[in-house]
Amino acid sequence: MKNKNTIIIVNIVLITVAIALAIFLVVLKNDNNEVVKNAENNFNYIVENVEINIDDNLMTEYVSKDLGFKLKHYNELTRVSETNDADSMYKSAAMFRESGNEGISILIGNISKDTTLAGYLNANINTVIDTNGLTKDDVVVVKEGVKLGDLDAFKLRYKMEDINIYQIIAIKDSKEYVITYSAEDAYYDKQKADNMFSTFEFLN
């Protein structure tokens with residue numbers, strides 16, 4: 001049986017990716033549209049229609065005034081933690097199973113005010129690929145019609161060793177919002193992830 005701490009390790013890796021991404025975005029802050037456009041043409045884009053099916057009896061609402069959001073997560077994700085260090089570049093909250101590898105995490109980090117969503121998408125995908133030894137075909141990208149709250153966003157799906165990663169990402173007020181549903185095959189449920197993503201709301 002896999003150690004239940006694996007899911008925490010995944011979260012740490014994602015923070016490492018975000019740090020690498022923030023550094024990479026310094027180079028992209030002037031936003032060379034031609035470079036971004038050419039890079040985007042090579043990504044594995046798909047278009048999908050997502051049907052949301054919320055049963056409030058199965059979910060618990062998590063509200064963080066400090067982090068400025070609320071979200072509903074499934075009741076079985078009972079291990080809840082929040083990191084809100086004033087001196088840190090990143091803040092986060094997470095909800096995981098007590099046993100078995102399944103959970104959702106919300107990572108909030110500071111980025112350059114000049115960063116566009118297109119530039120961020122390009123940098124994010126390349127950083128995920130380089131960090132995890134993947135190819136562009138390993139990362140599924142959805143951006144058409146994707147929203148986080150009322151913001152334009154994009155979704156990524158890929159696999160990190162034996163953990164499935166499904167993310168929705170947006171930018172607001174010079175901050176990146178990276179919401180990650182992660183689970184091993186036995187627990188992975190894309191519908192659950194989409195349901196939780198759809199409940200995310202900014203408090204301000």
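**Salt bridges in a predicted model**

Q: How many salt bridges are there here?
A: The count comes to twelve salt bridges, a salt bridge being a side-chain nitrogen of Lys or Arg within 4 Å of a carboxyl oxygen of Asp or Glu. This is a predicted model, where local features need pLDDT of at least 70 and side-chain atom pairs count only at pLDDT 80 or more, while totals for chains, interfaces and linings use all residues. Residues are numbered from 1 along each chain as its sequence is written, and side-chain values use heavy atoms, with hydrogens and water left out.

Q: OK, which residue does glutamate 48 pair with?
A: Arginine 157, with the closest N and O atoms 3.2 Å apart. They sit 109 residues apart, glutamate 48 in the loop between β1 (44-45) and β2 (59-64) and arginine 157 in strand β10 (residues 154-160). Strands (E, at least two residues) and helices (H or I, at least four) are DSSP runs, numbered from the N terminus.

Q: And are those two buried or exposed?
A: Both glutamate 48 and arginine 157 are buried. Buried means under 20% relative accessible area, exposed over 50%, partly exposed in between (1.4 Å probe, protein chains only).

Q: Which residues are in a network with them?
A: Glu48 and Arg157 are linked with Lys155, Lys190 and Asp194 in a network of salt bridges.

Q: New topic: what does lysine 192 meet?
A: Glutamate 76, in a salt bridge of 2.8 Å, N to O. Lysine 192 is in helix α4 (residues 190-198), and glutamate 76 is in the loop between β3 and β4 (79-83), 116 residues apart.

Q: Why does lysine 192 count as buried?
A: Because its relative accessibility is 11%. Glutamate 76, at 30%, counts as partly exposed.
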